Amino acid sequence: MDALLVFLLLLVPLLLWTSSTFVFYFKKCFYVAYMMILAAIAIPLSILKSGGRDIENMRVIRALVHHVKYFLGLRFDVSGLEHLQTEGPYVIISNHQSSLDVLGLMEVLPDRCTMVAKKELVYAGTVGIVCWLGGIVFINRKKTRDAKSVMADAAKTMLDDQIRLWVFPEGTRNQRGDLLPFKKGAFHLAVQAQAPIIPIVFSSYSNFYLRKEKQFNSGTITLKILPKIETKGMTSDDVADLSDKSYDLMRSVFLDISGSAPVTQSNGPSLHH
């Protein structure tokens, strides 16, 4: 038994040094397991702090998660933080590449801000429980009517409780080196609440994280916070144009900070939801 332990202790560093595939799976497994452990710690802390489900619990989650990036060899180069100093409710929209986005989100998450996430997340063990405690708004992406109803309720909550919501308008993770067309939910939400939109763009992860190639190296992520886009006076008739404007702006910034060559692509109306 002692010999086996010594063997494993010698083997793991060797594989970390020589096998990029092993590093990929090791980091992925570590990330998932460690986040589950941190969530288990956050659950009683959140209950003690707020007594149950409350957006103020996002402060607890933010504090616990902030250091995780160092274990994975990641750094964030953030610009435009002053744009998050906007008073009152607003909607943050950002591109979505992988579960690593959570680390960037926690890097800049303003006070009284929570997320809109897929309903399946609530069943993700301790992470799902702590997400519920943090006031995360869960939507059923497969039922458009349900999703619209949740977004309408979220708009009312934004105004009543003076909170901010972070939405990923692509609707799913995307590592294709470009942005997917935006779904309209975030823009209906902002217009219904007459709240500004603040776009945040993450640079491409392709220089350090490639899922298909099984590569997960150290790297720096550029995170650019853009000036707010006002929605006051807008109606549902303006949602498509608002979505297109936001898409074009964020895609231009994404390609710029990722060092990618621009390719003609639109936020096509046939792909809106």
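**Entry 1: the second largest pocket.** I sorted the lining of the second largest pocket by class and got four nonpolar, seven polar and five charged residues. My classes count Ala, Val, Leu, Ile, Met, Phe, Trp, Tyr, Cys and Pro as nonpolar, Asp, Glu, Lys and Arg as charged, and the others, Gly among them, as polar. The lining has 16 residues, and N174, Q175, R176, R211 and K212 lie nearest the centre of this pocket. About 300 Å³ of space lies in it. For the record, a pocket is an open set of points on a 1 Å grid over the protein atoms alone, where a 1.4 Å probe fits, with protein on both sides within 12 Å along at least five of seven lines; lining residues have an atom within 4 Å of a point. Grid points are joined across faces, edges and corners, and the volume is the space filled by probe spheres set on the points.

**Entry 2: ground rules.** I am working with a predicted model, in which local features need pLDDT of at least 70 and side-chain atom pairs count only at pLDDT 80 or more, while totals for chains, interfaces and linings use all residues. Residues are numbered from 1 along each chain as its sequence is written, and side-chain values use heavy atoms, with hydrogens and water left out.

**Entry 3: confidence.** pLDDT is the predictor's confidence in each residue, from 0 to 100. The protein chain averages 89, and 86% of the residues score at least 70. Where is confidence lowest in the protein chain, and where is it highest? I found the lowest mean, 59, in helix α1 (residues 2-18), and the highest, 98, in strand β6 (residues 197-202). Helices (H or I, at least four residues) and strands (E, at least two) are DSSP runs, numbered from the N terminus. A reminder to myself: where pLDDT is low, the predicted coordinates should not be read in detail.

**Entry 4: the largest pocket.** The largest pocket comes to about 1,300 Å³. I listed 48 lining residues, and H96, V116, A117, K118 and F168 are the closest to its centre. Which element gives the most to this lining? It is α2, with eight residues. Elements that each supply at least two residues include α2 (20-50), β3 (113-118) and α7 (144-161). By class, I have 29 nonpolar, 11 polar and eight charged residues in the lining of the largest pocket.

**Entry 5: aromatic rings.** I paired rings of Phe, Tyr and Trp (its six-membered ring) if their centres lie within 6.5 Å, calling planes under 30 degrees apart stacked, over 60 edge-to-face and the rest tilted. This rule gives 10 aromatic pairs. Why is the pair of F182 and F187 stacked? Their ring centres are 6.1 Å apart and their planes are at 20°, so the pair counts as stacked. Y205 and F208 form a tilted pair, at 5.4 Å centre to centre and 40° between the planes.

Next I checked burial (buried is under 20% relative accessible area, exposed over 50%, partly exposed in between, with a 1.4 Å probe and protein chains only). F182 is buried at 0%, and F187 is also at 0% and buried. Y205 is buried at 0%, and F208 is buried at 1%.

I also noted one aromatic cluster formed by F24, Y25, Y209 and F216. K27 lies over the face of F216, 4.8 Å from the ring centre. For that I required NZ of Lys or CZ of Arg within 6 Å of the ring centre and within 35 degrees of the ring normal.

**Entry 6: contacts across the sequence.** F182 lies in the loop between β5 and α8. Its C-alpha is 6.6 Å from that of N267, 85 residues away in sequence. E170 is found in the loop between β5 (164-167) and α8, and is buried at 3% relative accessibility. M250 sits in helix α9 (residues 239-258) and is buried at 0%.

**Entry 7: backbone.** Most residues other than glycine have a negative phi. R112 has a phi near 55°, a positive value, in the loop between α5 and β3. Q194 has a positive phi of about 50°, in the loop between α8 and β6.
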